[in-house]
Amino acid sequence: MRTSDRRRAIWYTLCRQRFAQIEYLAQKYHVSARTIRYDVEALSRVYPIETRAGKNGGVKVADWYQPGKTPLQPEQFDFLLNICQHLNDDDAARM
């Protein structure tokens with residue numbers, strides 16, 4: 001699975017479940033917890049994702065966000081992720 005495919009799958013998982021622990025996502029996508037953390041960091045530049053630390057911590061979609069019936073197309077998702085990787089911190093936060 002390519003990185004962009006995995007990140008898209010993580011986003012869809014979070015939209016369905018609203019919350020997931022890092023370890024669960026790592027097992028589900030057969031990667032390390034560190035890789036999931038990198039994925040979440042990249043996704044949080046594009047999507048309203050929040051992290052929670054602690055025993056019951058994990059990754060969640062912001063409470064205010066209600067996913068639409070038509071999320072970004074794969075090409076749109078890859079394009080935005082690519083752009084975000086090249087932005088400075090201020091621009092990335094605005095994006």
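Guide: Rings of Phe, Tyr and Trp (its six-membered ring) form a pair if their centres lie within 6.5 Å. Planes under 30 degrees apart count as stacked, and planes over 60 degrees apart as edge-to-face. Keep in mind that this is a predicted model. A search of the whole structure finds three aromatic pairs.

Visitor: Why is the pair of W11 and Y47 called stacked?

Guide: Check two values. The ring centres are 4.0 Å apart, and the limit is 6.5 Å. The planes stand at 15 degrees, and stacked needs under 30. Both tests are passed, so W11 and Y47 are a stacked pair.

Visitor: Which parts of the chain does this pair link?

Guide: Distant parts. W11 is in helix α1, while Y47 is in the loop between α3 and β2. They are 36 residues apart. Both W11 and Y47 are buried.

Visitor: What makes W64 and Y65 an edge-to-face pair?

Guide: Their ring centres are 6.1 Å apart, within the 6.5 Å limit. Their planes meet at 85 degrees, and edge-to-face needs over 60. That settles it: the pair is edge-to-face. W11, Y47, W64 and Y65 form one aromatic cluster.

Visitor: How do you know whether W64 is buried or exposed?

Guide: Look at its relative accessibility, which is 64%. Exposed means over 50%, so W64 counts as exposed.

Visitor: What sits over the ring of Y38?

Guide: The charged end of R34, 4.1 Å from the ring centre. The distance limit for this is 6 Å.

Visitor: What does L43 touch?

Guide: Setting aside residues up to four places away in sequence, L43 touches R7, I10, W11, I49 and F77.

Visitor: Why does R7 count as buried?

Guide: R7 has 11% relative accessibility. Buried means under 20%, so R7 is buried. R7 lies in helix α1. Beyond four places in sequence, R7 touches Y38, D39, A42, L43, F77, L81 and Q85.

Visitor: What do the buried residues of α1 pack against?

Guide: They pack against β1 (19-20), α2, α3, β2 (49-52), β3 and α4. The buried residues of α1 include I10, W11 and L14, along with R6, R7 and R8.

Visitor: Which residues of α2 are buried?

Guide: I22, L25, A26 and Y29. They cover an arc of only 100 degrees around the axis, so they lie on the same side of α2. Here is the background: an α-helix has 3.6 residues a turn, so residues three or four places apart point the same way. The cover over the buried residues of α2 includes α1, β1, α3 and β3.

Visitor: What makes the phi of R18 worth a remark?

Guide: Its phi is positive, about 70 degrees, although R18 is not a glycine. Most residues other than glycine have a negative phi.

Visitor: Where is H30, and in which loop?

Guide: H30 is in the loop between α2 and α3. H30 is not a glycine either, and its phi is positive, about 55 degrees. At 72% relative accessible area, H30 is exposed, because exposed means over 50%.

Visitor: Why does R37 count as partly exposed?

Guide: R37, in helix α3, has 38% relative accessibility. That lies between 20% and 50%, so R37 is partly exposed.

Definitions and conventions
Residues are numbered from 1 along each chain as its sequence is written. This is a predicted model: local features need pLDDT of at least 70, side-chain atom pairs count only at pLDDT 80 or more; totals for chains, interfaces and linings use all residues. Side-chain values use heavy atoms; hydrogens and water are left out. Contact means heavy atoms within 4.5 Å. Buried means under 20% relative accessible area, exposed over 50%, partly exposed in between (1.4 Å probe, protein chains only). Helices (H or I, at least four residues) and strands (E, at least two) are DSSP runs, numbered from the N terminus. A charge sits over a ring if NZ of Lys or CZ of Arg is within 6 Å of the ring centre and within 35 degrees of the ring normal. The arc is that of the directions from the helix axis to the C-beta atoms.
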